[in-house]
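Subject: Structure handover and findings

Hello,

Please find the structure below. My notes on it follow.

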Amino acid sequence: MARILITSALPYINGIKHLGNLVGSQLPADLHARYMRARGHEVLFICATDEHGTPAELAAAKAGEPVAEYCARMWRVQKDIADGFRLSFDHFGRSSSDRNRRLTQHFAERLSAAGLIDEVMERQVYSKADGRFLPDRYIEGTCPNCGYEKARGDQCENCTKQLDPTDLINPRSAISGSTDLEVRETKHLHLRQSAMRAHLRDWIDTREGWPVLTTSIARKWLDDGEGLQDRSITRDLDWGIPVQKGEKPWPGMEGKVFYVWFDAPIEYIAATAEWADAHGLGEDGWRRWWRADEGAGDVRYTQFMGKDNVPFHTLSFPATLMGSAEPWKLVDYIKSFNYLNYEGGKFSTSSGRGVFMDQALEILPADYWRWWLLSNVPESSDSDFTWESFQNGVNKDLADVLGNFVSRITKFCRSRFGEALPEGGAPGPEEAELAAELSRRLAEYERAMEAIEVRRAAQALRAIWVAGNEYLQRAAPWTKMKESPEEAAMIVRTGLNLVRLYAILSRPFIPDAAGAMLTALGLTENEPWPESAEAALAALPSGHAFTTPDVLFAKLDDERREALEARFAGKG
RNA sequence: GGGCCCGUAGCUCAAUGGUCAGAGCAGACCGCUCAUAACGGUUUGGUUGGGGGUUCAAGUCCCUCCGGGCCUACCA
């Protein structure tokens, strides 16, 4: 038994996430957490909403709510949707928590004491009409390079030229449209990442077996141009964690807050503390997961995230932890994902293109989405959601292969023997062959799950389901009924034990259907992971009662698929 | 502009430099009748994007060209 710490990248508070966000971090993290729990490890699975920053303030203003209320409401919405997808977080925290405020201020104090914080006077664009400094992205104007009129202050999306806000012709606020802008001086804290470059590189270079996607992005940032740059960790905003040195004020930084990307990863730790608080576990309760000097030495920590998050998790956050000169637990493995596209293009919130998490759950139960998304997770390159692929995948794998297997064996037993495992007969060569096949597949499945090779694991699981249909076809109990009812009984027993085995093995992917299978067999979710295929085939004895379950997975027909395609095609 | 990733069967993807490049889906044929018109078996299908090189041996390594995607630090 090991101790496994798992974090998923934090979903931003602003709005409901689409399927691409789900599949890029939370869902595979949940798969890993569920598997590790099933194997008897002590697992702590942490996620939270990332609540600070300009977009949250603007979204709250648009909704006509104070930002704190807006965030509280959206946290609830995201939590309910996460529950709907059966994301098994041990704690779903909030980066606006008091725990995170204290920890973030603590890290700032430590970094300052270590000489890793510079105070830098910056010149930034201020909008009088909006009463706020504008991030580069929120300044629009005409591109000096191509004349595009809606170029943003950081980059022109028409000609892709990198810009500085002061390059723009006729700059205006993207928020209000106001042209009453001026450049003001404002002081900010910079994290001296450049000073930690060698240290970070050594660390990255000694990580073994990390995905290329993870290390290549990290190296690019370490080596690009003049190398890793210092990074501003504060902002002129109202909504955020006040800049302080621990509990003490930070002279000259009054009224400023930490940048979301500084405080968001710290929330991984803070959320663990929130979890410990909620369970009355005290300070030790969370520190044993995060402090190498207080018990975290044997923790294996894995982070899940989309590729856009990699620089912050490979560089900025480790720099924060290392720079504190305290023995904080560093990540052991970063599993990063590419993007999921929608019908050949990008998911788009603004044009209503693609499926969002709340809509998905209205259409079909969580398991359908979990299965398709995980078995098509963008592991080695971007992948594409299409309704055709989704329909084909869930109909074939879930309805035809798994669902129909459960259906045929339970119904056959009910009509010939009644709703209890029948007695008689002894396993023979067919059963030995089945056990051998299952052993091979199970080893493959376990290896892939341990290595977090998600697609491969899904393939292995599917092959295990297929093995049941192959076995029934070979053993043909419907034929044996005539000549040897006892042998048929033994085959049916074996088949019903396969249902139990499938429920246990499939639970990380499709927890609800697995639960329904266990319930039908009169079992609970406490059924242990199989010791061996042979043992699993004889786990339930003759006489064990069951109920014939309803159809586990209904099929998605062409008519409905076409309607869904049309509904989510977007405005333009 | 710079960097990274990818290009393999009609589609989605596999293949520590080493047997005849393999799976699933789709297609074709056969079987089965327990089951959600489901299941099983057999089978068609490849100049591994083009060209050059290294090697006893290249889908894999190197060069180059073509095509696609992503990142590029103030969206998060």
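In this predicted model, an N or O atom in the side chain of Lys 411 is 2.4 Å from a phosphate oxygen of RNA strand B. This is a polar contact, meaning a pair of N or O atoms within 3.5 Å; within protein, one must be able to donate a hydrogen and the other to accept it, and residues adjacent in sequence count only if both atoms are side-chain atoms. Tyr 259 also has a polar side-chain atom 3.1 Å from a phosphate oxygen of RNA strand B. For Ser 216, an N or O atom in the side chain lies 3.2 Å from a sugar or linking oxygen of RNA strand B.

On conventions: the model is predicted, so local features need pLDDT of at least 70 and side-chain atom pairs count only at pLDDT 80 or more, while totals for chains, interfaces and linings use all residues. Residues are numbered from 1 along each chain as its sequence is written, chains are lettered from A and ligands numbered from 1 in the order in which they are written, and side-chain values use heavy atoms, with hydrogens and water left out.

RNA surface

There are 51 residues around RNA strand B (a heavy atom within 4 Å of it), and those that come nearest are Gln 124, Arg 137, Asn 404, Arg 408 and Lys 411. Of the atoms of RNA strand B that come within 4 Å of the protein, 70% belong to sugar and phosphate. The surface divides into 17 nonpolar, twelve polar and 22 charged residues; nonpolar covers Ala, Val, Leu, Ile, Met, Phe, Trp, Tyr, Cys and Pro, charged covers Asp, Glu, Lys and Arg, and polar covers the others, Gly among them.

At least two residues of this surface come from each of strand S4 (117–127), helix H6 (212–223), helix H7 (260–278), helix H12 (387–416) and helix H14 (454–475). Helices (H or I, at least four residues) and strands (E, at least two) are DSSP runs, numbered from the N terminus. H12 gives the most, eleven residues.

Helix packing

H12 and H14 also pack against each other, at about 45 degrees with axes 10 Å apart. Axes are lines fitted to C-alpha atoms, for helices over the stretch in contact, and angles run from 0 to 180 degrees between N-to-C directions. The pair is therefore oblique; under 35 degrees counts as roughly parallel, over 145 as roughly antiparallel, 65 to 115 as roughly perpendicular and the rest as oblique. In contact (heavy atoms within 4.5 Å) are residues including Phe 405 and Arg 408 of H12 and Trp 465 and Leu 472 of H14. This contact has eight nonpolar, three polar and five charged residues.

Helix H16 (residues 485–506) packs on helix H17 (residues 511–520) at about 150 degrees, with the axes 8 Å apart, which means that H16 is roughly antiparallel to H17. Val 499, Tyr 502, Ala 503 and Ser 506 of H16 meet Ala 514, Met 517 and Leu 518 of H17. Six of the residues in that contact are nonpolar, one is polar and none is charged.

Regards
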